[in-house]
Amino acid sequence: MKNKGDLPISRRNLLSGMMASALMTTGAAAFAPSAGAAEQYRDANNGPLKITDLEFVELRGQYETEAGVDRQQQVNPLDIYDDLRPSPYQDKAAGNKQVDATAIYLKVHTSGGLDGLYGPIDREIAVIILEDLRSFLIGKDALAQEKLWDEMYRSNRHSRAGYFLMAISAVDNALWDVRGRYFGVPVYRLLGGPTRSSVEVYASCLGFSLEPEAVRKRCLSLKAESYRNQKWFMAYGPGSGPEGMRKNVELVQILRETLGDDTELMFDAYSGWDLTYALEWAHQVEKYRPRWIEEAAHPEKLESFVTLRRSTTIPVAAGEHIYGRWEVERYLEAGALSVLQTDPEWCGGVSELLKIGAVASVHDVPVIPHGHSIHAALHVIASQSPMTFPLAEYLIIKMRHYYHFEKNPPVPVNAHLALPTGPGFGIELDPAKILSTTVLHA
């Protein structure tokens with residue numbers, strides 16, 4: 001099928017009902033400017049908008065925060081070792097402190113003078129992009145989304161998971177920003193949205209003290225802020241013995257009894273448990289109706305997730321450490337998950353999360369992306385069916401300062417994030433918060 005007009009984007013058909021690319025094409029065509037954004041950014045030779053460079057800037061600054069609180073650790077796989085397991089935590093408020101802040105952002109420069117911007121990006125990922133992907137991408141068509149993703153994926157035999165796929169994710173997200181700025185619309189418009197006026201988020205409570213009174217106070221505070229969904233993080237695993245199990249069960253009981261029945265409660269074990277431990281916990285807390293238990297085992301233990309899901313009424317969630325549509329399909333075909341949590345910062349970017357959403361919709365499994373970051377997830381969620389993408393995760397503590405250097409960081413109001421109105425992801429850095437800038441080199 002030929003495109004209308006002269007927009008340099010083509011429609012592609014995807015197997016198994018994957019319609020992400022077609023949605024992107026339809027959205028782009030609907031916003032072809034007559035004499036606006038696209039015209040002013042055309043290549044000097046009226047050819048494709050080519051990538052001329054990829055650049056990383058490291059920003060430094062400072063912010064003030066409360067000291068001695070919000071440092072509760074979650075259980076993790078190392079907790080089976082006595083010398084690596086942290087002691088029980090208590091908040092000990094100690095006034096305020098100055099914190100040195102750093103963040104790395106990726107800029108994609110193009111031949112039309114248009115820059116894409118995305119971040120923050122982890123340093124390990126920046127190194128891979130500078131050393132492996134930068135030279136490969138220079139000179140390529142910045143608007144050829146499907147081709148660029150496929151070429152990056154095929155360019156390295158380790159691309160299916162881990163840091164290399166995270167590097168692909170960062171580039172893919174930055175290129176979506178380029179396209180949004182090129183067409184003068186938010187990314188969710190290019191993806192076929194919006195499907196709602198705002199995106200509801202759940203309160204992700206990593207770092208909050210698990211002392212009983214602190215839990216009661218904090219969960220009621222979040223409920224007063226209109227959060228209908230709260231996720232709390234387990235602090236104990238097999239290494240902590242029966243007392244740890246008792247505290248894990250007590251946390252669920254306290255939250256349900258304090259909040260009543262009109263708040264959904266989710267729990268995260270961060271791969272710090274095993275199947276036996278997860279089953280014991282589940283059978284003790286089923287009566288409190290958790291919305292899900294997350295990452296109850298290591299992600300490679302597919303059968304543990306399958307058995308857990310079959311053995312409890314509690315929905316089973318995972319996905320932040322599941323990479324790409326192929327691995328997602330294996331999990332869902334096996335009946336391992338009730339909720340999928342793939343992260344667009346890690347799973348392959350916006351382009352891959354769309355395809356993952358299509359796969360999940362076939363299995364009638366909702367996708368609620370892991371909240372490592374917000375920008376990419378927000379735009380995907382806003383563009384897709386609320387049945388498939390119902391919610392976003394908002395890490396309450398982390399997000400206080402994660403976007404410190406941005407003028408308009410995403411902040412929920414009544415547990416909802418407003419849809420950005422600016423082109424691309426709408427990321428704009430605030431010079432007033434930047435004490436120094438360093439350009440990173442390979």
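1. **Basis.** The model is predicted, so local features need pLDDT of at least 70 and side-chain atom pairs count only at pLDDT 80 or more, while totals for chains, interfaces and linings use all residues. Residues are numbered from 1 along each chain as its sequence is written, and side-chain values use heavy atoms, with hydrogens and water left out.

2. **Overall make-up.** The protein has 13 helices and 12 strands. Helices (H or I, at least four residues) and strands (E, at least two) are DSSP runs, numbered from the N terminus. Of the 442 residues, 55% are buried. Here buried means under 20% relative accessible area, exposed means over 50%, and partly exposed lies in between, with a 1.4 Å probe and protein chains only. A contact means heavy atoms within 4.5 Å. Among contacts between residues at least 6 apart in sequence, 76% join residues at least 24 apart.

3. **Terms for spaces.** The search runs on a 1 Å grid over the protein atoms alone. A cavity is a set of points where a 1.4 Å probe fits but cannot get out, and a pocket is an open set with protein on both sides within 12 Å along at least five of seven lines. Lining residues have an atom within 4 Å of a point. Grid points are joined across faces, edges and corners, and a volume is the space filled by probe spheres set on the points.

4. **The largest pocket.** Its volume is about 1100 Å³. Of the 43 lining residues, Tyr63, Arg71, Ile397, Lys398 and Tyr402 are the closest to the centre of the pocket. Four strands each supply at least two lining residues: S1 (51-66), S2 (96-110), S5 (229-233) and S10 (392-395). Strand S2 gives the most, with seven residues. By class the lining of this pocket has 17 nonpolar, 11 polar and 15 charged residues. In this count Ala, Val, Leu, Ile, Met, Phe, Trp, Tyr, Cys and Pro are nonpolar, Asp, Glu, Lys and Arg are charged, and the others, Gly among them, are polar.

5. **Thr110.** This residue is in strand S2. Is Thr110 buried or exposed? Thr110 is buried, with a relative accessible area of 5%. Apart from neighbours within four places in sequence, the contacts of Thr110 include Leu49, Lys50, Ile51 and Thr52, and also Asp115, Ala142 and Val178.

6. **The largest cavity.** There are two cavities of 30 Å³ or more in the structure. The largest has a volume of about 90 Å³. Its lining consists of Pro120, Ile121, Asp122, Ile125, Met166, Ala170, Glu345, Trp346 and His372. Six of these count as nonpolar, one as polar and two as charged.

7. **The second largest cavity.** This one holds about 30 Å³ of space. Asp274, Leu275, Ala278, Ala296, Ala297, Ser304, Phe305 and Leu308 line the second largest cavity. Helix H9 (275-285) and helix H10 (302-311) are the elements that give two or more residues to that lining. The largest share, three residues, comes from H10. The classes are six nonpolar, one polar and one charged.

8. **Tyr277.** Helix H9 also holds Tyr277, which counts as buried at 7% relative accessibility. The C-alpha atoms of Tyr277 and Ala297 are separated by 9.5 Å, and the two residues are 20 apart along the chain. Leaving aside neighbours within four places in sequence, Tyr277 is in contact with Tyr236, Gly237, Pro238, Gly244, Met245 and Asn248. Together with Phe267, Trp273 and Trp281, Tyr277 forms one aromatic cluster.

9. **Aromatic pairs.** Rings of Phe, Tyr and Trp (its six-membered ring) pair if their centres lie within 6.5 Å; planes under 30 degrees apart count as stacked, over 60 as edge-to-face and the rest as tilted. The structure holds 11 such pairs. Tyr153 and Trp326 form a stacked pair, with 5.2 Å centre to centre and 25° between the planes. Tyr153 lies in helix H4 (residues 145-154) and Trp326 in helix H11 (residues 324-333), so this pair ties together parts that are 173 residues apart in sequence. Tyr153 is buried at 18% relative accessible area, whereas Trp326 is partly exposed at 39%.

10. **Charges over rings.** A charge sits over a ring if NZ of Lys or CZ of Arg is within 6 Å of the ring centre and within 35 degrees of the ring normal. Lys140 lies over the face of Phe136, at 4.7 Å from the ring centre. Arg179 lies over the face of Trp176, at 5.0 Å from the ring centre.
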